[in-house]
Amino acid sequence: MANRVYVIELDRDAGRRRDPRIPWVYVGSSARDAELRFEQHRRGYKSARIVKRHALRLRPDLYEDLDPIRGSRKAVEAEKDRARELADCGFVAHCDGVSYGKGEGEWTEWDRSRVEPVIDALDGAIAELADSAFEPVDADTCGALLWGERAFWVADYLDQSDPPPAYGQFAHVRQDVLADRAAEVLPSAPTGRT
């Protein structure tokens, strides 16, 4: 049976973040369906303490691009590889007892080529933001909201006390990449850039 890598977003109490917009995540693998394994973690079945206490939601946008893996050793290596990759773009990624990215300073946001394998998740987030915004958003504003920009004007578009999950979900991606994709997905939302 093949294993799949999965990523779980952890709440703010999991630990100090490298960037307040980018959460801690847990990277694991299992032969079980990711949703089932997530529920098992929350119940405490074969769960790391940090996941049982702080699990928020699955983050398919951070793992759907990975193919199934034969063999548990290869799956554990794939977990570690994904955790290191996530640490390289700003996350603190807990995996197999190690918190990759913790205490490290520099990282590089994802570019368009890295986002391409999970573009459906980005498109869904763009649609969610557009649907939940108080008024229509242009592509640059949508990109800033996906990136998680914190500014006074955000309240013009979103309820800051209860923002949609897409707000800040792509803080690990370059903001211009987000805005360009929003312009492609929302044809009535051109960018303000020339």
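Leucine 145 touches Leu129, Val137, Trp153, Val154, Tyr157, Leu158, Ala166, Tyr167 and Gly168, leaving out residues up to four places away in sequence. Touching, or contact, means heavy atoms within 4.5 Å. This is a predicted model, where local features need pLDDT of at least 70 and side-chain atom pairs count only at pLDDT 80 or more, while totals for chains, interfaces and linings use all residues. Residues are numbered from 1 along each chain as its sequence is written, and side-chain values use heavy atoms, with hydrogens and water left out.

Buried means under 20% relative accessible area, exposed means over 50%, and partly exposed is in between (1.4 Å probe, protein chains only).

## Helix 6, wrapped up

So where does helix 6 sit? It covers residues 139–147, and eight of those nine are buried, so the helix is largely enclosed by the rest of the structure. The buried ones are Ala139, Thr141, Cys142, Gly143, Ala144, Leu145, Leu146 and Trp147. Their cover includes helix 5 (119–132) and helix 7 (175–185). Helices (H or I, at least four residues) and strands (E, at least two) are DSSP runs, numbered from the N terminus.

Now look at the two ends. Aspartate 138 caps the N-terminal end of helix 6, with a side-chain oxygen 3.1 Å from the backbone nitrogen of aspartate 140. After the helix comes glycine 148, whose phi is positive, near 95 degrees.

Strand 2 runs antiparallel to strand 1 (residues 2–10), and six bridges join them. Two strands pair if DSSP finds at least two bridges between them. Arginine 4 stands opposite serine 30 of strand 2. Strand 2 also pairs with strand 5 (residues 92–95), this time in the parallel sense over three bridges, and valine 25 faces alanine 93 there.

## Histidine 41

Histidine 41 is in helix 1 (residues 34–43). Is it buried or exposed? At 0% relative accessibility, histidine 41 counts as buried. Beyond its neighbours within four places in sequence, histidine 41 is in contact with Tyr6, Ile8, Tyr26, Lys46, Ser47, Ala48, Val51 and Lys52.

With tyrosine 6, the side chain of histidine 41 makes a polar contact of 2.6 Å. A polar contact is a pair of N or O atoms within 3.5 Å; within protein, one must be able to donate a hydrogen and the other to accept it, and residues adjacent in sequence count only if both atoms are side-chain atoms.

## Salt bridges

How many salt bridges does the structure hold? There are 15, each a side-chain nitrogen of Lys or Arg within 4 Å of a carboxyl oxygen of Asp or Glu. One of them joins lysine 80 and aspartate 96 (3.6 Å, N to O). That pair links distant parts of the chain: lysine 80 is in helix 3 (residues 72–88), and aspartate 96 is in the loop between strand 5 and strand 6 (98–100), 16 residues apart.

Another salt bridge pairs arginine 181 with aspartate 123, the closest N and O atoms being 2.7 Å apart. Arginine 181 lies in helix 7 and aspartate 123 in helix 5, so the pair ties together parts 58 residues apart in sequence. Both arginine 181 and aspartate 123 are buried. Salt bridges that share partners join Arg112, Glu116, Asp123, Arg181 and Glu184 into one network.

## Cysteines on their own

A disulfide is a pair of cysteine sulfur atoms within 2.5 Å, and by this rule the count is zero. For cysteine 89, the nearest cysteine sulfur is that of cysteine 95, 15 Å away. Cysteine 142 is in no disulfide either: the nearest cysteine sulfur, that of cysteine 89, is 19 Å away. At 1% relative accessibility, cysteine 142 counts as buried.
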